[in-house]
Amino acid sequence: MRRVVRSLIRIIAAGLVGFGIIEIAFEFARHRANGTEINSWHFIAGALLMVGGIALFATSARLAKKLTVDFDE
C-alpha cells in the first residue's frame with residue numbers, strides 16, 4: 001500500500017511542477033506575443049508551484065509512510 005500512496009504523491013508533485021512550468025512559459029509567451037510587460041506575480045506563482053512540487057517529491061517517502069501506518073498492520 002505504501003508504494004501506491006508514494007506513487008500517487010509523486011504524480012501530484014509532478015503535476016505541480018508541470019503547472020508551474022506552464023504558468024511561467026505562458027506568461028513569457030504572452031509577453032513575447034503582445035509586447036507587454038511581464039507580470040511578476042505569474043512568475044512567483046509558477047515558482048511556488050514548482051518549489052511545492054519539488055518539496056512534495058522530496059518528502060513523498062516519509063509522507064507515504066506516515067499516511068499508511070494503519071494499513072500496514
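The following legends describe views of a predicted model of the protein chain.

**View 1. Overall arrangement of the protein chain.** The secondary structure consists of 3 helices and 0 strands. Read from the N terminus, the order of elements is α-α-α. The radius of gyration is 17 Å, well over the 11 Å that the globule rule gives for 73 residues, so the chain is more spread out than a compact globule. The C-alpha trace spans about 60 × 15 × 15 Å along its principal axes.

**View 2. Burial and contacts within the protein chain.** Of the 73 residues, 14% are buried. Where contacts link residues at least 6 apart in sequence, 70% of them join residues at least 24 apart.

**View 3. Helix 2 along its length.** Helix 2 comprises 19 residues, running over residues 40–58. At 1.5 Å a residue, a helix of 19 residues should span 27 Å; the end C-alpha atoms of helix 2 are 27 Å apart, and the two values therefore agree.

**View 4. Start of helix 2.** Asn-39 is shown with Trp-41 at the start of helix 2. A side-chain oxygen of Asn-39 comes to within 3.2 Å of the backbone nitrogen of Trp-41.

**View 5. Arg-10 and the ring of Phe-57.** Arg-10 is placed over the face of Phe-57. The distance from Arg-10 to the ring centre of Phe-57 is 5.0 Å. As for pairing between aromatic rings, with centres required to lie within 6.5 Å, the count is 0 aromatic pairs.

Note on methods. Residues numbered from 1 in each chain as written. Predicted model: local features only at pLDDT ≥ 70, side-chain atom pairs only at ≥ 80, totals over all residues. Heavy atoms only, no water. Helix = DSSP H or I, 4+ residues; strand = E, 2+ residues; numbered from the N terminus. Expected span 1.5 Å × (residues − 1). Polar contact = N/O pair within 3.5 Å; in protein donor to acceptor, adjacent residues only side chain to side chain. Phe/Tyr/Trp six-rings, centres within 6.5 Å; stacked < 30°, edge-to-face > 60°. Lys NZ or Arg CZ within 6 Å of the ring centre and 35° of its normal. Rg over C-alpha atoms; globule rule 2.2 N^0.38 Å. Buried < 20%, exposed > 50% of the residue type's maximum accessible area, 1.4 Å probe, protein only. Contact = heavy atoms within 4.5 Å.
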